[in-house]
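Here is a colleague's note to read alongside the model. Please keep the structure open while going through the points.

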Amino acid sequence: MSYGFLATNNSNEVLISSDTKNLHFLQKRTSPTTVSFTSNDYGGMRRLIYSFSNINTVPVPFFSVPTSDYYAISRLEDKGSNNWDVEIIRSGTSTSTPEVYLFAPPSAGSPSGNYGMAVYNSDGSSSFDSRLKPLVITGGQSVSHPSNPRTSFSSSGLNAQYCPTNASSTFTPTEYNSYTISNQPSKPIFSFFSLAQAEREVSVSDSQFECDGFDVYNNCVGASRTYYWTSKYWAFYRGGISWDNGSLRAGWIVVEKGCNWTYKKDSEFLGIGTGGDSGSGGNWPYSNETINTTANSIIVSNGASYD
């Protein structure tokens with residue numbers, strides 16, 4: 001580096017550099033602006049929207065973890081006119097919601113006060129400004145999610161006729177990978193974007209025969225009908241993380257669920273087909289697969305420093 005400023009620690013890791021844009025605290029929301037979806041089934045499903053304004057660059061969100069459930073950032077959306085939405089997904093049935101913190105380069109903030117240290121790069125823009133609460137990273141971890149959200153997906157108890165069953169017990173996630181991050185603050189906040197996705201489905205079928213006449217050696221003499229039903233239950237998962245006093249887990253959150261059914265009726269009279277009927281309904285599933293389970297990064301900071 002032929003100009004500017006560079007600060008490193010004892011491990012020669014860069015702390016401050018005029019060649020890089022350090023992140024600084026911008027805004028915080030203590031509760032969601034909108035709860036876009038909530039359900040206590042399938043291990044609990046919550047989609048929470050946090051809206052921010054007056055931000056002129058792409059921010060980096062962090063969130064707190066008020067419970068031992070799974071959390072993740074599922075969407076960061078530019079709403080236009082310097083407005084941004086952060087969507088947080090979480091599992092569990094608690095009504096507690098995380099706090100969301102936004103960080104960005106110092107040019108996005110408005111420093112106050114006459115004392116501190118500012119570092120500028122070659123184009124004159126600010127790379128670091130101590131008056132804007134720089135982001136201090138306390139830890140990090142690379143995590144991956146298990147290939148299956150749960151060990152098995154049983155069709156037991158599922159009804160094939162028109163998707164009537166609540167399939168929560170079939171699809172509630174159970175599997176996770178464990179990690180340890182020691183020496184973290186009492187109020188850690190995490191930047192973690194959900195990349196891992198999975199879909200699982202279970203299909204059940206049933207049939208029923210009706211005869212209006214009488215049975216002769218298992219053959220209907222008269223009018224008869226055969227009904228066929230198939231219901232395909234499914235759940236869509238996104239990767240999340242949970243935290244409990246240094247114990248970190250990478251597990252799954254159900255974010256969408258549904259069922260698709262098909263119905264068919266074949267009619268006969270004395271063995272001759274006389275027509276039929278059919279129908280379908282419900283929501284089609286996604287592809288039955290798991291993607292994006294390769295290593296994903298987590299950044300940890302101290303939320304108490306920005307309260």
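**Notes on the predicted model**

1. Start with a charged pair. Lys187 and Asp307 meet through their side chains in a salt bridge, at 2.9 Å from N to O. The pair links distant parts of the chain, 120 residues apart. Lys187 sits in the loop between β13 (176-180) and β14 (188-191), and Asp307 in the segment after β22. Lys187 counts as partly exposed, at 22% relative accessibility. Asp307 is also partly exposed, with a relative accessible area of 48%. Please bear in mind that this is a predicted model.

2. The overall make-up comes next. The protein chain has 1 helix and 22 strands. Of its 307 residues, 43% are buried. Its accessible surface comes to about 15,500 Å², and 45% of that belongs to carbon and sulfur atoms. Take the contacts between residues at least 6 apart in sequence: 71% of them join residues at least 24 apart.

3. A second salt bridge deserves a look. Arg90 pairs with Asp69, and their closest N and O atoms are 2.7 Å apart. Arg90 belongs to strand β8 (residues 83-90), while Asp69 is in the loop between β6 (60-64) and β7 (71-80). The two are 21 residues apart, and the pair links distant parts of the chain. Side chains of opposite charge can pair when their charged atoms come close.

4. There is also a charged network. Salt bridges link Arg75, Glu77, Lys79, Asp85 and Glu87. One of the pairs is Asp85 with Lys79, at 4.0 Å from N to O. Asp85 is buried, at 11% relative accessibility. Lys79 is partly exposed, at 47%. The count for the model comes to 13 salt bridges.

5. How many disulfides are there? The count is 1. Cys163 is joined to Cys259, with an S to S distance of 2.1 Å. The link is left-handed, with -75° about the S-S bond.

6. The largest nonpolar core holds 33 residues. Those with the most contacts inside this core are Phe63, Val86, Ile88, Val100, Phe190, Leu248 and Ile298. At least two core residues come from each of β5 (45-52), β7, β8, β9 (100-104), β18 (223-244), β19 and β22. Beyond four places in sequence, its contacts include Phe62, Phe63, Ile241, Trp243 and Ile298. A second, separate core has 21 residues, including Tyr42, Ala198, Tyr233 and Tyr263. In soluble globular proteins, nonpolar side chains tend to be buried together.

7. Ser301 is worth a close view. This residue lies in strand β22 (residues 296-302). Ser301 counts as buried because its relative accessible area is 1%. Where does its side chain reach? The Ser301 side chain comes to 2.7 Å from the backbone oxygen of Val136. Ser301 is also 5.7 Å from Pro188, C-alpha to C-alpha, although the two are 113 residues apart in sequence.

8. Finally, check two backbone angles. Most residues other than glycine have a negative phi. Ser81 has a positive phi of about 55° and is not a glycine. Its place is the loop between β7 and β8. Ser81 counts as exposed, at 70% relative accessibility. Asn183 has a positive phi as well, near 60°. Asn183 is in the loop between β13 and β14. With a relative accessible area of 76%, Asn183 is exposed.

Conventions. Residues numbered from 1 in each chain as written. Predicted model: local features only at pLDDT ≥ 70, side-chain atom pairs only at ≥ 80, totals over all residues. Heavy atoms only, no water. Helix = DSSP H or I, 4+ residues; strand = E, 2+ residues; numbered from the N terminus. Buried < 20%, exposed > 50% of the residue type's maximum accessible area, 1.4 Å probe, protein only. Polar contact = N/O pair within 3.5 Å; in protein donor to acceptor, adjacent residues only side chain to side chain. Disulfide = S-S within 2.5 Å. Contact = heavy atoms within 4.5 Å. Areas by Shrake-Rupley, 256 points an atom, 1.4 Å probe, with all protein chains shown as cover. Core = buried A, V, L, I, M, F, W, Y, C linked by side-chain atoms within 4.5 Å.
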